[in-house]
Amino acid sequence: MLQRGLGFTVMFILGMVFAAEPGQAGGYTLNIWNTQASAYNREVVGLMTWVLAFAALVFVVVTGALIYVVVKFRRTGKETSEPVQTHGNDRLEVAWTVIPTIIVLIIFGLTAQSMFKLDRPPPGAMVVEVRAWQFWWDFYYPRYGIRNSSEIILPVGRPVTFEITSGTKEIPDVIHSFRITSMVGTKDAIPGVITRLHVTPEKVGSFYGQCVELCGISHSNMRFRVKVVSQEEFDRWIQGARNFQPAPVADPDLLRGKALFMQQCAVCHTVQGVSRGVINNPDLTFFGNRTTVGSGMWPNTPEFLTAFIKDSPGMKPGIRMPAFPNLTDEDARAIADYLMTLRVEGLDFTQLPRY
Ligand code: CUA
């Protein structure tokens with residue numbers, strides 16, 4: 001009951017925050033009490049329940065005592081002199097020192113136990129390297145030689161270890177923090193250091209990810225998505241991504257889009273088999289498979305993509321990508337249409353339930 005009530009409150013507050021921005025890629029029920037998502041969440045929720053139960057106990061005892069004293073010793077108007085003054089009470093003082101000490105020790109023990117449990121790498125975990133940049137996320141699957149920016153595809157029921165860092169040695173970045181709100185978190189992304197986070201996703205769905213360390217002007221816009229899919233769908237994704245060849249374009253509009261992409265975008269953005277960009281810019285190889293534009297900000301529709309290509313700094317302040325006022329709406333739309341052709345066929349992540 002307590003758990004559900006608090007879970008609901010957290011969801012409600014987060015829901016208000018995210019629902020307040022119409023047009024953004026919303027519809028997520030962010031909930032750290034989503035105990036079906038992972039054993040990690042169950043562990044954390046168990047711990048939080050203990051802490052909250054002790055907090056509730058302390059609250060009830062302290063406010064109860066306060067109310068009792070205020071009522072019992074209130075002024076009646078019949079006093080003839082000051083009441084008897086008491087100084088010190090050994091038994092009471094020992095009690096209010098010993099009881100909180102015991103509570104803190106219990107919470108310490110439970111926390112240490114959970115931390116050791118959660119830090120243990122699960123056997124056979126798939127490694128996903130996470131690289132944070134101002135203001136987006138890059139993901140690598142070293143076992144498969146695949147890179148995908150802004151979205152992680154994971155198979156349900158298989159342990160995964162995130163190896164998290166920020167920037168590279170050559171191109172340093174600031175501290176960020178990695179959190180998949182309804183599934184697992186939080187671990188800082190620190191330059192020059194690799195931090196690890198282990199989880200086994202247990203629920204198919206699209207999970208909302210967010211940077212949770214203030215890292216600059218677009219910190220709140222530094223988002224990502226985790227798509228947890230069936231093993232069969234994951235295998236198809238890996239298969240398609242490993243053997244990826246961009247679909248040949250013949251349509252004149254797409255050809256123009258590709259030519260414009262090569263002129264304007266290719267110097268920064270990598271597309272496997274098309275362009276070799278720079279590491280500190282998002283990889284666009286599987287752009288057509290993404291459900292969001294602007295690193296998790298807006299739904300991946302031609303309208304949002306066109307607008308973003310033309311004026312990304314206007315939509316997402318502080319990002320490195322410049323505006324392209326030289327491009328007409330038709331030009332930007334042609335690039336957007338071309339980007340949508342970059343995809344592994346036969347996969348649709350838009351219909352997954354959102355957490
Ligand atoms: Cu990256 Cu906040």
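Predicted model: local features only at pLDDT ≥ 70, side-chain atom pairs only at ≥ 80, totals over all residues.
Okay everyone, where is the place of Phe135? Phe135 is in the loop between strand 1, residues 126–133, and strand 2, residues 136–141.

While we're on the backbone, let's look at two serines. Ser150 has a phi near 70°, which is a positive value in a residue other than glycine. You'll find Ser150 in the loop between strand 3 (146–149) and strand 4. Is Ser150 buried or exposed? Ser150 is buried, because its relative accessibility is 3%. Then there's Ser295, with a positive phi of about 55° although it isn't a glycine. Ser295 is in the loop between strand 11 (292–293) and strand 12 (298–299). With a relative accessible area of 10%, Ser295 is buried.

Now, the sheet. Strands of a sheet pair through backbone hydrogen bonds, either parallel or antiparallel. Here we have an open sheet of five strands, in the order 4-10-9-6-7, with mixed pairing. Which strands are at the edges? Those are strand 4 (151–155) and strand 7 (184–189), and each pairs on one side only. From one strand to the next, the twist averages 20°.

Let's zoom in on one pairing. Strand 6, residues 176–180, and strand 9, residues 205–211, pair in the antiparallel sense over three bridges. Arg179 stands opposite Gln210 in strand 9. There's a helix on this sheet as well: helix 4 (residues 231–242) packs there, touching strand 4 and strand 10 (223–229). The direction of helix 4 makes about 130° with that of strand 4.

Next up, charges. Side chains of opposite charge can pair when their charged atoms come close. How many salt bridges does a search of the whole structure find? Twelve! I'll show you a few of them.

Take Arg147 and Asp138, which form a salt bridge with their closest N and O atoms 2.7 Å apart. Arg147 is buried, at 12% relative accessible area, and Asp138 is buried at 0%.

Compare that with Asp329 and Lys310, where the closest N and O atoms are 3.1 Å apart. This pair links distant parts of the chain, 19 residues apart: Asp329 sits in helix 7 (residues 329–340) and Lys310 in helix 6 (residues 302–315). Asp329 counts as partly exposed at 47% relative accessibility, and Lys310 is partly exposed at 23%.

Helix 7 gives us one more. The side chains of Arg333 and Asp337 meet in a salt bridge, 3.2 Å from N to O. Both lie in helix 7, four residues apart, which is about one turn of the helix.

Last stop, the surface. Leu57, Val58, Val61 and Val62 form a nonpolar patch there, with about 350 Å² of accessible area together. One of them, Val61, lies in helix 2 (residues 39–72). Val61 counts as exposed because its relative accessible area is 53%.

Conventions. Residues numbered from 1 in each chain as written. Heavy atoms only, no water. Patch = residues over 30% accessible without salt bridge, like charges linked within 9 Å, V, L, I, M, F, W, Y side chains within 5 Å. Areas by Shrake-Rupley, 256 points an atom, 1.4 Å probe, with all protein chains shown as cover. Salt bridge = Lys/Arg side-chain N within 4 Å of Asp/Glu carboxyl O. Buried < 20%, exposed > 50% of the residue type's maximum accessible area, 1.4 Å probe, protein only. Pairing = 2+ DSSP bridges. Axes fitted to C-alpha atoms, helices over the stretch in contact; angles between N-to-C directions. Contact = heavy atoms within 4.5 Å.
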